[in-house]
Amino acid sequence: MSEPVAAAGYDLILKGGRVLDERNGINTVLDVAIRGGAIAATGENLSGQAAEIVDVGGAIVAPGLIDIHTHVYHKATSLSVDPGFIARRSATTTLVDAGSAGAGNYDGLRDYVIAHSPYRIFAFLNISFAGIFGFDKGLGVGEATLREMLPVERCVAKIEANRERIVGVKARIGGGETGKLGLGALELALEAAEQAGLPLMAHIGYAPPTYAEVVSMLRPGDILTHCYRPEPNSALGSDGKVFAAVRQARERGVLFDVAHGMGAFGYASAEGALGDGFPPDLISSDAHVVAVEGPGYDLLHTMSKLLNCGLALPDVIGMVTSRPALAIRRPELGHLGVGAPADITVLRQVDSDYVFKDVVGEARSAATLLQPVAVYLGGKAMEVARRPFEESYLLGAGRTVHAHGCGGDR
Ligand SMILES: [Zn+2]
């Protein structure tokens with residue numbers, strides 16, 4: 001006989017996974033129960049009725065992954081990609097667009113992309129009125145070279161009208177991005193962020209200005225993105241140690257984000273910084289039209305890369321869940337506490353003989369790769385896509401999909 005689900009029943013129980021929830025200090029095998037799109041309980045051997053019970057033994061159960069640096073103003077800006085494509089492929093529930101749009105075209109991102117996506121999408125608003133407008137394969141025109149293109153009052157006004165989705169200001173700082181305006185662009189972006197009371201995400205490119213000059217101006221809660229960019233203009237001095245200005249910025253509360261992208265992850269920089277006791281605060285993909293073709297690919301691939309650099313799995317998960325949620329001031333996300341939205345990513349760690357490349361072609365072998373198993377967004381099961389660039393390198397039981405199968409990744 002079947003009984004109706006009692007009031008105390010659950011919609012779903014994920015049973016027996018290793019739960020990694022940094023915010024709530026959980027790193028152990030537990031069950032997670034969902035009801036009404038929210039986390040209803042976590043505990044050992046949860047009993048009670050459930051409409052569905054899924055055995056996730058041997059898998060990792062994490063809060064829904066948050067990619068804090070993406071470009072998803074799809075089809076309206078040349079650098080952006082389809083948010084669904086990268087979310088499905090990297091088992092992500094929340095995407096943050098990092099300045100694809102400025103005050104002049106943010107409404108399109110809101111009305112044509114965010115409003116139509118099932119995923120949670122937030123945005124850093126570019127201080128440049130036009131956003132990132134001149135970026136594509138073989139094309140790179142800076143959007144922040146002219147003071148007239150960076151109207152602080154227009155940026156602040158657009159934020160005031162859209163605080164439910166805009167979580168900060170973005171500025172791309174570097175020789176090509178800011179030209180002769182240099183640190184003047186950063187000053188204007190900081191002024192906008194200060195007036196709006198939100199964090200600034202600052203990209204670091206080639207000098208001038210230097211890495212040290214840029215981080216020295218950032219405030220507590222601001223984010224330096226592309227923190228492990230290769231030389232020239234990395235975080236490391238000629239002695240191979242992290243610059244004092246970079247350490248001082250961290251002590252002040254500035255956050256350091258990986259944002260792999262097409263040009264911003266060098267093993268020399270990453271290993272040098274890690275060896276000097278300077279792990280990142282945040283891991284992100286900088287997924288854009290070039291980066292998704294490798295060697296960065298997406299968030300999950302970048303996480304695997306950092307894991308194989310020696311970061312501990314609970315830290316890697318924290319850097320894409322709890323920490324980015326707090327960085328964008330959305331504390332309801334990025335954890336599995338009772339009452340939180342049931343955004344859950346289920347992963348497995350698979351032995352691998354993959355060879356990673358950084359953006360300058362340096363190679364490292366990968367002992368393990370994180371692979372998506374399932375994603376729940378507000379309690380709803382979401383599609384998970386194949387990862388054709390990793391499939392043929394999974395060893396043993398992990399090799400469950402044919403390496404040369406067709407399609408399925410878009
Ligand atoms: Zn970017």
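Student: At roughly what angle do the axes of helix H3 and helix H5 cross?
Tutor: Keep in mind that this is a predicted model. In it, the axes of H3 (residues 152-160) and H5 (residues 183-196) cross at roughly 35° and come within 9 Å. The crossing is right-handed.

Student: Which residues of H3 and H5 meet there?
Tutor: From H3, Val152, Cys155, Val156 and Ile159. They meet Leu188, Glu191, Ala192, Gln195 and Ala196 of H5. By class, that contact has seven nonpolar residues, one polar and one charged.

Student: The H3 numbers come in steps of three or four. Why would residues three or four places apart point the same way?
Tutor: An α-helix has 3.6 residues a turn, so residues at that spacing point the same way.

Student: OK, the sheet. What's the strand order?
Tutor: S6-S7-S8-S11-S12-S13-S14. That is an open sheet of seven strands, with parallel pairing. S6 and S14 (255-257) are the edge strands, each pairing on one side only. From one strand to the next, the twist averages 25°.

Student: Which helices pack on it?
Tutor: H2 is one of them, touching S7 and S8, and its direction makes about 150° with that of S7. H5 also packs on the sheet. H5 touches S11 and S12 (200-204), at about 170° to the direction of S11.

Student: What unit do S7, H2 and S8 make?
Tutor: A right-handed β-α-β unit, with H2 spanning residues 106-113.

Student: Let's stay on S8. Why is it largely enclosed?
Tutor: Seven of the seven residues in S8 (residues 120-126) are buried, so the rest of the structure largely encloses the strand. Arg120, Phe122, Phe124 and Asn126 point one way, while Ile121, Ala123 and Leu125 point the other way.

Student: And how many bridges does S8 have to S7, and to S11?
Tutor: Six bridges pair S7 with S8, in the parallel sense. Leu95 has Ile121 as its bridge partner, and Asp97 has Ala123. Four bridges join S8 to S11 (residues 166-173), also parallel. On that side, Phe124 stands opposite Gly168.

Student: Switching topic. Which peptide bonds are cis?
Tutor: Pro208 to Pro209 is one, with omega near 0°. Gly294 to Pro295 is another, with omega near 5°. Pro209 sits in the loop between S12 and H6 (211-217). Pro295 is in the loop between H8 (267-275) and H9.

Student: Where is His226, and where is Asn233?
Tutor: His226 lies in the loop between S13 (223-225) and H7 (244-252). Asn233 lies in the loop between S13 and H7 as well.

Student: Are they buried or exposed?
Tutor: His226 counts as buried because it has 29 C-beta neighbours inside 10 Å. Asn233 has 20 such neighbours inside 10 Å, so it counts as buried too. The cut-off is 20 or more.

Student: Last one. How many residues of H9 are buried?
Tutor: Nine of its 10 residues, so to speak a mostly covered helix (residues 299-308). Among the buried ones are His301, Ser304 and Lys305.

Student: What do the buried residues of H9 pack against?
Tutor: Strands S6, S7, S16 (355-357) and S18 (368-377), plus helix H10 (313-318). After H9 comes Gly310, with a positive phi near 110°.

Conventions:
Residues numbered from 1 in each chain as written. Predicted model: local features only at pLDDT ≥ 70, side-chain atom pairs only at ≥ 80, totals over all residues. Buried ≥ 20, exposed ≤ 12 C-beta atoms within 10 Å, placed from the backbone. Helix = DSSP H or I, 4+ residues; strand = E, 2+ residues; numbered from the N terminus. Contact = placed C-beta atoms within 7 Å. Pairing = 2+ DSSP bridges. Right-handed = clockwise from strand over helix to strand, strands pointing away. Axes fitted to C-alpha atoms, helices over the stretch in contact; angles between N-to-C directions. Left-handed = near helix turned anticlockwise from the far one by under 90°. Nonpolar A, V, L, I, M, F, W, Y, C, P; charged D, E, K, R; others polar.
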